[in-house]
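Please take me on a short tour of this structure, which I have open in my viewer. Tell me what to select at each stop and what I will find there.

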Amino acid sequence: MFAFKASAQQGTHMFRAKILSKCAFRRKMSSRLVLGIETSCDETGAAVMDETGLILGESLHSQKEVHLKTGGIIPTVAQRLHRENIGRIVQEAMERSGVTQSQLSAVATTVKPGLALSLGIGLDFSLNFVKLHQKPFIPIHHMEAHALTVRMLQPVVFPFLVLLVSGGHSLLALARGIDDFLLLGQTLDEAPGDTMDKVARRLSLIKHPKCSMISGGQAIEILARDGNRLKFLFKPPMGAHYDCNFSFAGLRNQVTMSIQKKEEEEGVEQGTLLSCVNDIAAATQHAVASHIAKRTHRAILFCKAKDLLPSCNPTLVVSGGVASNQYIRKILKIVTDTTGLHLLCPPSKFCTDNGVMIAWNGVERLREGKGILSHTEEVNYEPKAPLGVNITAEVKEAAIKLPPLKLRVTD
Ligand code: AMP
Ligand code: ZN
């Protein structure tokens with residue numbers, strides 16, 4: 001779907017070198033350059049990008065394997081791993097880009113929202129870096145970066161609707177400009193990726209030969225392919241709430257109770273792989289997908305009723321780790337086809353956390369001259385930070401009832 005401007009990291013070393021030397025030449029002629037740094041959760045990422053969105057160099061260290069073994073993110077462990085890796089990751093991105101510190105126009109870094117201890121490492125590193133090299137600093141909102149990434153890959157004009165679903169977030173917003181968002185709905189408890197990670201842990205999927213090295217969400221998607229979702233019926237959350245907020249904790253409770261019941265029936269201890277894991281995975285995935293789809297459907301109808309989307313090519317952008325899920329994408333496609341929206345999902349590599357999306361957000365801000373700081377004394381990180389203007393109450397008040405829509409995926 002996307003034509004990548006950026007392929008420097010995909011080729012051989014010879015190919016890469018050629019691309020970089022051509023880029024270096026073009027860079028001298030025109031483009032400003034941004035270093036982007038991401039440490040808000042469990043990825044240490046850095047990337048150097050030019051003003052056209054060309055990735056000149058990038059590097060990423062994922063902590064996922066470590067956290068998979070401990071059964072979730074331990075903030076002090078995440079902090080230690082960010083501290084151990086950030087210097088190397090930034091150096092690698094710079095070296096791969098062939099850019100020197102003095103050639104950078106600005107440094108953009110995630111400062112909100114996220115884990116305090118993780119954000120702190122990226123911010124400290126960045127503030128030292130900009131002080132040492134005398135560069136402007138661009139503080140980045142992590143969700144804003146997720147929402148804008150699609151514009152690096154193709155020209156998507158404002159306004160567009162955005163759905164962000166990941167391990168830490170779940171929200172629907174209308175993007176009206178690079179720093180202008182209307183928040184239509186958000187999770188009231190946990191994020192869908194977190195729910196699937198917890199269900200996967202409760203099912204001990206780490207013991208499953210197909211799933212030992214992958215995230216809970218991925219494991220559920222893989223197992224669901226061979227499962228029958230109709231063997232377990234989970235009640236969709238918030239059916240009587242005509243808003244765009246999400247809730248996944250109650251659903252997880254239903255899944256946990258079904259797992260307990262099955263363990264009793266099969267006479268096995270918690271921690272044993274159940275014979276029906278595929279069916280549970282399929283039913284869980286369908287319930288998560290349906291809930292996301294219904295809230296998104298309502299958000300589309302709300303935007304249409306309030307004339308918030310353009311009549312020409314109205315677009316839904318979906319991003320975040322959970323957006324990699326093909327089943328969820330297919331269910332969302334049913335919703336966008338029915339409502340006449342264009343569905344855009346960046347490739348998985350750009351849906352998950354990385355330095356590239358932060359560098360791109362820096363580029364967007366640099367182009368518009370927004371939020372570029374030459375003094376950083378006041379800058380701090382913010383673990384909690386809402387995205388845009390919260391109009392969830394207005395959405396609730398509109399109480400839009402959904403027309404019937406069959407959310408049935410056929411392969
Ligand atoms: P992020 O929070 O954006 O780094 O993405 C990580 C989250 O996405 C984790 O909770 C994963 O379980 C979830 N995830 C990754 N791949 C998939 C997938 N294919 N299906 C569902 N969830 C996924
Ligand atoms: Zn994220």
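Start with the second largest pocket, which has a volume of about 350 Å³. In this predicted model, local features need pLDDT of at least 70 and side-chain atom pairs count only at pLDDT 80 or more, while totals for chains, interfaces and linings use all residues. Residues are numbered from 1 along each chain as its sequence is written, chains are lettered from A and ligands numbered from 1 in the order in which they are written, and side-chain values use heavy atoms, with hydrogens and water left out.

How is such a space found? Rolling a probe the size of a water molecule over the atoms shows where empty space is left. A pocket here is an open set of points, on a 1 Å grid over the protein atoms alone, where a 1.4 Å probe fits and protein lies on both sides within 12 Å along at least five of seven lines; lining residues have an atom within 4 Å of a point. Grid points are joined across faces, edges and corners, and the volume is the space filled by probe spheres set on the points.

Now select the lining, which includes Glu221, Arg225, Gln326, Tyr327 and Lys330. Helices α8 (216–224), α10 (277–305) and α11 (326–339) each supply at least two lining residues; helices are DSSP runs of H or I with at least four residues, strands are runs of E with at least two, and both are numbered from the N terminus. The largest share, 3 residues, comes from α11.

Next, select ligand 1. Of the 16 residues around it, Gly167, Asp197, Gly217, Glu221 and Gly321 come nearest; a residue counts as near if one of its heavy atoms lies within 4 Å. Helices α7 (192–202) and α8 each supply at least two residues of this shell.

Look for the polar contacts, pairs of N or O atoms within 3.5 Å:
- An N or O atom in the side chain of Asp197 is 2.6 Å from an oxygen atom of ligand 1.
- A polar backbone atom of Gly217 is 2.9 Å from an oxygen atom of the ligand.
- A polar side-chain atom of Lys64 lies 3.3 Å from an oxygen atom of the ligand.

Then move to the zinc ion (ligand 2). Which protein donors does the zinc ion have? They are His142 (NE2), His146 (NE2) and Asp353 (OD), lying 2.1 to 2.2 Å from it. Donors are N, O and S atoms within 2.8 Å of the metal (3.2 Å for Na, K and Ca), and water is not among the atoms, so sites may look incomplete. Distant parts of the chain are linked here: His142 is in helix α5 (residues 142–148) and Asp353 in the loop between α12 (348–351) and α13 (355–368), 211 residues apart.

Finish with the backbone. Most residues other than glycine have a negative phi, and most peptide bonds are trans. Select Phe158 and Pro159: the peptide bond between them is cis, with omega near -5 degrees. Ser204, in the loop between α7 and α8, has a positive phi of about 55 degrees although it is not a glycine.

Terms used: Polar contact = N/O pair within 3.5 Å; in protein donor to acceptor, adjacent residues only side chain to side chain.
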